[in-house]
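Take a walk through the fold shown here.

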Amino acid sequence: MSQKNQNNLKRLPKGIEFQEPEKDLQKEFSKTSLLVSIGVALSDWTLVFICMVLGTWLFSTFGISVVTVIVLLFFVFPVVAKAQRGMENLVHESSHYNFSRKHRSLNDMAGNWLCAYWLFLSVGNYRLTHIKHHAYFGSSDDPDKQRFETLNTDKMPRGNMIALVKYLFRVFPSYWIDYWKQFSGKSGQFALSAILQLTFVVIAGIFSPGFWLLWLVCWWIPFVVYLPFMRFFAESEKHHYKGVESEFDATYSNLGFFQKWFLHPHGDAYHLLHHMAPQVPHWRMAGLHRVLSIVNKRFNEGSVRTGVLESA
């Protein structure tokens, strides 16, 4: 028996079984809509361009001032990063064919051109890595567990701010490098994404001279500075591997308002449901979560976080 198969035998069991009425619910809620998913992706782009318009107005009205800097740092950059985080989550959804299960080429095309390529990702590359997380959950082949163990994420000091800052300084560089190796470390993908952004900036610059500076400030600063920290905290909230006996026990829903809107947009907050029913698309997650919480006592007892610094 191969080492991979041996590791797969050690995969944590699901930890919950749905009965026939609940399976029928899952089937109904698993219907996809390419148009809805495209609309959700466009809502992220709408946020980005609203922030760019606001940034342009700030500079033209106040110049480089305290007002401009404060609004950029505490509103524009975080909101753009939230939109970028939403696009990342839609890449994840597309990797599960949750844009369109019937038209898989359109599923990947929409996920790539609306989201992935702008983030130096591709749906196909993401899928190759992410599928291992579901197939080998909790085993030594689970890439998320590997990352949790490397960064000691299960012992992240959430309740002590000084200890948390020290922890982040120690582990964040390793996390950042590992992320790019997993999902974005393909030279061909990097070149494609770079050419796409350069082409976009050049074309936009024809109609709006100086657009390159706006794109650099309002897209790249959030992408390089804000988004990695948001992603780190979001991923650290989803699982807890130590001392658990099932995938159900190891997985969290993150249902605080800030979490649902900011760190886990587009259904990512309902991560426990995603692991129990990964075929349910992002825009149907909240509805099925509410129904299952009523009809299934075991599901209703699943682990929930409502605050970013809430301990496991």
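The paragraphs below go from overall shape to individual side chains.

This is a predicted model, in which local features need pLDDT of at least 70, side-chain atom pairs count only at pLDDT 80 or more, and totals for chains, interfaces and linings use all residues. Residues are numbered from 1 along each chain as its sequence is written, and side-chain values use heavy atoms, with hydrogens and water left out.

Start with the secondary structure. The protein chain has 15 helices and two strands. Both kinds of element are DSSP runs numbered from the N terminus: helices are H or I with at least four residues, strands are E with at least two.

Next comes overall size. The C-alpha trace spans about 60 × 50 × 45 Å along its principal axes. The radius of gyration of the protein chain is 20 Å, which agrees with the value near 20 Å for a compact globule of 312 residues. That radius is taken over C-alpha atoms, and the globule rule is 2.2 Å times the number of residues to the power 0.38.

Now look at packing. Of the 312 residues, 52% count as buried. Buried means under 20% relative accessible area, exposed means over 50%, and partly exposed lies in between (1.4 Å probe, protein chains only). Contacts here are heavy atoms within 4.5 Å. Among contacts with a separation of 6 or more, 75% come from residues 24 or more positions apart. The accessible surface comes to about 15,100 Å², and carbon and sulfur atoms hold 66% of that surface. The areas come from the Shrake-Rupley method with a 1.4 Å probe; for residues, only the protein chains shown count as cover.

Charge is the next topic. The protein chain carries 31 positive and 23 negative charges, and their mean positions are 3 Å apart. Lys and Arg count as positive, Asp and Glu as negative, while His and the chain ends are not counted. Each charge is placed at NZ of Lys, CZ of Arg, CG of Asp or CD of Glu.

Side chains of opposite charge can pair when their charged atoms come close. How many salt bridges does a search of the whole structure find? The search finds 14. A salt bridge is a side-chain nitrogen of Lys or Arg within 4 Å of a carboxyl oxygen of Asp or Glu.

Lysine 14 is partly exposed at 33%, whereas glutamate 247 is buried at 0%.

Glutamate 28 and lysine 31 also meet, at 3.3 Å. Glutamate 28 is partly exposed at 40%, and lysine 31 is partly exposed at 45%.

Arginine 147 and aspartate 178 pair at 3.4 Å. They link helix H7 (residues 143-151) with helix H8 (residues 161-184), 31 residues apart. Arginine 147 is buried at 10%; aspartate 178 is partly exposed at 27%. Salt bridges that share partners also join Arg85, Glu88, Arg231, Lys238 and Asp268 into one network.

Finish with two single residues. Tryptophan 180 lies in helix H8 and is buried at 18%. Its C-alpha atom is 9.1 Å from that of phenylalanine 120, 60 residues apart along the chain. Leucine 128 lies in helix H6 (residues 123-135) and is exposed at 59%. The C-alpha atoms of leucine 128 and serine 95, 33 residues apart along the chain, are separated by 8.7 Å.
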